[in-house]
Amino acid sequence: MTGHDRTDAGLVLLDGSMGEGGGHVLRSALCLSLITGRPFQLTRLREHRDPPGLRPQHLAYVRGAEALSASTSEGAVVGASELRFTPGPVRAGDYLLEVGTAGSTPLLFQCLVYPLALAGGGRLTLRGATHLRNSPSFHALTGAWLPVARAYGFPVQLSLTHAGFYPEGAGEFTAEVGAPGEPPLRVDLPARGVLREVRVMSFVGGLPFAVAERQSRAAVAALRERGILAEAENRPLPVTRSQGTVTFVLAQFEHTVAAFTSLGD
């Protein structure tokens with residue numbers, strides 16, 4: 001991400017042509033804009049992608065940011081190559097947001113949780129895909145993101161109502177977001193430290209439970225070949241019309257955790 005400030009208007013100019021389709025630039029910009037109150041303009045959105053410009057899942061992030069606040073945007077349409085966002089005050093409260101079948105509810109959550117927490121907190125109910133490629137899964141949020149967020153002083157509770165796999169989506173989870181201490185704590189993580197434990201969790205939604213058992217056996221065997229002993233557990237996931245499988249590996253280190261997710265075909 002590249003950018004520079006126009007101090008006369010407080011506008012932050014950003015280049016959205018690089019990286020993961022410009023999506024991570026957009027989410028980071030929306031999050032920081034809501035927190036700081038500074039507007040931004042994003043140009044050359046996904047210009048090297050096919051198709052270029054904003055996609056529906058990107059618009060869901062913009063609409064989510066607008067829903068939490070008195071913000072306005074210009075250029076927020078499918079295919080747009082430029083976007084201007086002017087933030088307004090974030091309102092604490094409860095919100096129900098749809099991200100669509102191709103959109104990631106965990107990514108939308110990470111975009112909005114910090115502004116909502118700093119505004120006083122509330123409840124986020126997010127509907128869409130909870131497990132899809134090129135995105136953290138719901139279990140990555142609970143296993144790896146949540147412990148670190150709590151260490152910083154952000155009190156958050158997450159609960160999965162329905163798992164949603166791409167392309168059907170149809171998932172839902174709820175986040176109870178509390179206000180952090182003032183100011184949020186500083187946490188230093190200079191190194192992971194010694195590996196203490198590895199857990200393999202294999203989940204299936206709308207598929208035979210034997211699939212979960214086969215996945216976990218394969219994961220445990222692959223880790224054993226590399227000299228790593230792991231405990232495994234298999235669980236069904238609550239689903240509506242979505243079907244899918246996921247293998248989640250959580251490594252507990254001396255100072256922090258690392259999470260790894262693989263989706264079944």
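Student: Which residue in β12 is the bridge partner of F203?

Tutor: Strands of a sheet pair through backbone hydrogen bonds, either parallel or antiparallel. Here the bridge partner of F203 is V246 in β12. Strands β10 (residues 195-205) and β12 (residues 244-253) run antiparallel and are joined by 10 bridges; two strands pair if DSSP finds at least two bridges between them. Strands (E, at least two residues) and helices (H or I, at least four) are DSSP runs, numbered from the N terminus. This is a predicted model, in which local features need pLDDT of at least 70, side-chain atom pairs count only at pLDDT 80 or more, and totals for chains, interfaces and linings use all residues. Residues are numbered from 1 along each chain as its sequence is written, and side-chain values use heavy atoms, with hydrogens and water left out.

Student: In what order do the 4 strands form the open sheet?

Tutor: The order is β11-β10-β12-β13, with mixed pairing. Because β11 (231-236) and β13 (257-263) stand at the edges with a single partner strand each, one side of each is left without a neighbour in the sheet.

Student: Which strands does helix α4 touch?

Tutor: Helix α4 (residues 138-151) packs on the sheet and touches β10, β12 and β13; contact means heavy atoms within 4.5 Å. Helix α5 (residues 209-225) lies across β10, β11 and β12.

Student: Which residues of α2 meet α3?

Tutor: A60, Y61, G64 and A65 in α2 meet L107, L108 and L112 in α3.

Notes: Axes fitted to C-alpha atoms, helices over the stretch in contact; angles between N-to-C directions.
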